[in-house]
Amino acid sequence: MRSRVGQTIHTYAKDHQSLYWFTIVLFTMGIIFGAVLVNSLPLSQKQELSGFLQYFFNSLSTQGIPESSGHFYEAFGHYAKTVAIMWVLGLSIIGLPMILLMLFLKGVVVGFTVGFLVNQLQWHGVTFAMMGVLPQNLLVVPALFIVGVSGISFSLRLIKTRLVSKRDGILPHFVSYTALVVCMLAVLTLAALFETFVSPKLMQLVLT
């Protein structure tokens, strides 16, 4: 059973290798763009964001970890919404570029967040990013890659089915695509739990 699953995963990864490399490059470009964007911010916006960051640090130090259940539902809701949008976009031919845009924007957000922390806090910002930003993104980013590549693959299959080979049945591919998205939602649920219960404690360790 394990060898069968491993073989299926290996075959899937091999078949979609070029798409994964393309999305990784796109995501990396987003990170670079986000990091560069920090340096191009006006001084007033930098001061405003710096004030918000300082307020967050003070709240975490004095009031402790915020109410967990509310934060979990907020984080899970955000991830579920993102996955749902990507899933719907994957069901249409015109949704393909939008999936790519969402992956690029995720890279921009990560690059901007880390870049701003480093810009404001120097090496302390690197430590804070490693503790507060990186851990959950080790689950979030690969899950979004898999959902995104699956959506792009399904969109390309729709193009092939409608324009090239109309005999190819789409239902089995739709079922496997949806099942994979549901599995990645489970991974993102773990990421939301980690972000809610573990990341704040790691950030508190950095602040002490």
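**View 1. Val 133 in the loop between H6 and H7 of a predicted model.** Val 133 lies in the loop that joins H6 to H7, where helices are DSSP runs of H or I with at least four residues, numbered from the N terminus. With a relative accessible area of 14%, Val 133 is buried, a term that stands for under 20% relative accessible area with a 1.4 Å probe and protein chains only. Between Val 133 and Val 114 the C-alpha to C-alpha distance is 7.7 Å, and the two are 19 residues apart in sequence. The model is a predicted one, in which local features need pLDDT of at least 70 and side-chain atom pairs count only at pLDDT 80 or more, while totals for chains, interfaces and linings use all residues. Residues are numbered from 1 along each chain as its sequence is written, and side-chain values use heavy atoms, with hydrogens and water left out.

**View 2. The buried face of helix H6.** Helix H6 spans residues 123-132, and its buried residues are Gly 125, Phe 128, Ala 129 and Gly 132. Seen down the axis of H6, these residues fall within an arc of 100 degrees (taken from the directions from the helix axis to the C-beta atoms), so they line one face of the helix.

View 3. Asn 137 belongs to helix H7, residues 134-164, and counts as buried at 13% relative accessibility. Its side chain makes a polar contact (a pair of N or O atoms within 3.5 Å, one able to donate a hydrogen and the other to accept it) with the side chain of Lys 106, at 3.4 Å.

**View 4. The packing of helices H2 and H5.** Helix H2 (residues 17-39) packs against helix H5 (residues 96-121) at an angle of about 40 degrees, and their axes are 6 Å apart. That angle makes H2 oblique to H5, the class left when angles under 35 degrees, over 145 degrees and from 65 to 115 degrees are set aside. The crossing of H2 and H5 is right-handed, and their contact comprises 16 nonpolar, eight polar and one charged residues.

Note on methods:
Axes fitted to C-alpha atoms, helices over the stretch in contact; angles between N-to-C directions. Helix = DSSP H or I, 4+ residues; strand = E, 2+ residues; numbered from the N terminus. Left-handed = near helix turned anticlockwise from the far one by under 90°. Nonpolar A, V, L, I, M, F, W, Y, C, P; charged D, E, K, R; others polar. Buried < 20%, exposed > 50% of the residue type's maximum accessible area, 1.4 Å probe, protein only.
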